[in-house]
Structures are given as C-alpha cells and as structure tokens.
Amino acid sequence: MRTLYQFPISHYCEKTRWHLDHKGLAFNVDDLFPGLHRLQSRPMAGIDTLPILRDGAKVIGDSSAIALYLEAQYPDHPLLPDDAEQRAAILALEERFDRMGVHVRRWLYGQIRDWRTVMVAMLKPYRPLFGLRDAMKPVLQRGVLRLYGVTPPRVERSRVELLEGLALIEELTGNDPARYLVGDRLSLADIAAAALYAPIFTPAGTPWAEISGHDGQTQRFLDELHARPAGQWIMRRYAEDRARR
Ligand SMILES: N[C@@H](CCC(=O)N[C@@H](CS)C(=O)NCC(=O)O)C(=O)O
C-alpha cells in the first residue's frame, strides 16, 4: 500500500501527486497537521518537510528523492529519458524550479491581506476538534511568515526571481505554450515547473484556486503573469498533462 504524507496546499506535494498520477500509481493521502507534522516526519524520514512517500516498507522524503525513486521503481510512463544529456538537463531544471518554489511561496504569502481563505484552504482537511483547529490559525499564520522568511525585502527579491523563472520557461519553449522544456515530451522538469508555479496561476481543481482577496495591485500583476507565454504554458500543462487518476 502506498501513502503520501502531505499538506494539500503544498506545491511540493502537488509535484509528487502529479508524478504518482502520471504513472497511474494508486495512493492514499495522509494529511498531516502543519507544525505537528514534525512529530511524524522526523521519526519516519528524518526530515521536517513534506511530502514523504511510504511505498510498502520503503519510506522516502523530499519530492526530488521521491521523483528519482518513482522513476527507478516504476519505469512505465517515464519522466526521465535514457539519453544522458537530456536527463542531466531535466534534473538541472528540476532543481532550478524546486528552488523557485521557495520564491513562489514567499512572494505569495507576502501578498496575502486577508488570511481567511488561506486558512480555509490550509485547514479544510482537518476536523474542528473542540475548536483547536481554529485556535491554531493565528499561530500558524505567524509560523508561516517566520518559517518562510516573509519580510518585505525578501518578498521583493522573490518577485524578481519568479519573473526570471518565467523568462526561462519562455526562452526554453520559444514562447510557445505547446512545447516542453526539454525535448518533445513531458518530463520531470515540466511537472516541477508547473507544480511549483501553480499557487500563482491557480489552475482549476488545485487547492490554490480557492484563495481570494488580493489587493488591486497584486491582482493586476497576477493578470499580467497570466497573459505571458509562460503563464499560458503553465495553464496548458495543467489542462493537457495533469492527469488525475
Ligand atoms: N525540498 C523539499 C521541500 C518541501 C517543503 O518545503 N515543504 C514544505 C511545505 S510547502 C513543508 O513541509 N514545510 C513545513 C516545515 O518546514 O515545517 C521537497 O522538495 O520535498
């Protein structure tokens, strides 16, 4: 039996969900409560972050390690080619977009003016449990801002970084939303880029689609990003390549 330990709202968890779905591998999810998750993640995989995948007796932590494990263990529907040069290029891009995930998260948390919908998206899977869930909301909000370094100068640097990442997608695809980042088929680089940018582009059916309440300036910026070839590329990957099984 396969279990994905996750936060539904985590874009790194989305990257792993996408990979599992792409391979047609059935899995259960275990939604751990943010903060308290460390009581399970540390003994299980020696890490503080999710996703963690349990596959039979094997436990793997970190979306990149999980990706390599899935490719080695389940070679059907590969997301890494045999060609050494292409494989290296894809892994380098996966790493680049994994780092981008940090900037996407920090920038986005830096824009939130009304935390209610964020908290709904974050805590929806958990039962109210004698009011404890709701009592945790301000603690979680402060924890998220501190943990992810959400300060005005760092949020601004993350904005610049995320624009550079979008420019890279446009360069690699020649501004054509139909093309893939490396070669002519979907790879790990594409799902890393699309999943880790998804909280900004909020494709339908993803947990971020329910978050609302940005101010006018942020909304205009988001609209500009959507109109760019890279924004269309991300939406297209979701529409065409995000199989849900
Ligand atoms: N490099 C990790 C990053 C995962 C990550 O940052 N997960 C966040 C959620 S988006 C997390 O678990 N944060 C909780 C914490 O750090 O306590 C991966 O690719 O799996």
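Start at Asp48. Select this residue together with the ligand. A backbone N or O atom of Asp48 sits 3.4 Å from an oxygen atom of the ligand. Keep in mind as you go that this is a predicted model.

Next, select Leu50. Here a polar backbone atom is 2.8 Å from a ligand oxygen atom. Then pick Arg38 and show its side chain. An N or O atom in that side chain lies 2.8 Å from an oxygen atom of the ligand.

How much of the ligand does the protein bury? Taken alone, the ligand exposes 510 Å², and 85% of that is buried by the protein.

Now widen the selection to the residues around the ligand. There are 14 of them. Which come nearest? They are Arg38, Leu50, Asp62, Ser63 and Tyr148. Colour the shell by class.

The ligand sits in the largest pocket.

Zoom out to the whole chain. Why does the ligand lie between the two domains? Both domain 1 and domain 2 give residues to the shell around the ligand, so the ligand lies between them.

Last stop: the two domains themselves. Then select the residues where the domains touch. On one side, 21 residues of domain 1 are in contact, and they meet 31 residues of domain 2.

Technical notes. Residues are numbered from 1 along each chain as its sequence is written. This is a predicted model: local features need pLDDT of at least 70, side-chain atom pairs count only at pLDDT 80 or more; totals for chains, interfaces and linings use all residues. Side-chain values use heavy atoms; hydrogens and water are left out. A residue is near a molecule or strand if one of its heavy atoms lies within 4 Å of it. A polar contact is a pair of N or O atoms within 3.5 Å; within protein, one must be able to donate a hydrogen and the other to accept it, and residues adjacent in sequence count only if both atoms are side-chain atoms. Accessible areas come from the Shrake-Rupley method with a 1.4 Å probe; for residues, only the protein chains shown count as cover. On a 1 Å grid over the protein atoms alone, a cavity is a set of points where a 1.4 Å probe fits but cannot get out, and a pocket is an open set with protein on both sides within 12 Å along at least five of seven lines; lining residues have an atom within 4 Å of a point. A molecule sits in a cavity or pocket if more than half of its atoms lie within 2 Å of its grid points. Domain bounds come from an automatic or database domain assignment. Contact means heavy atoms within 4.5 Å.
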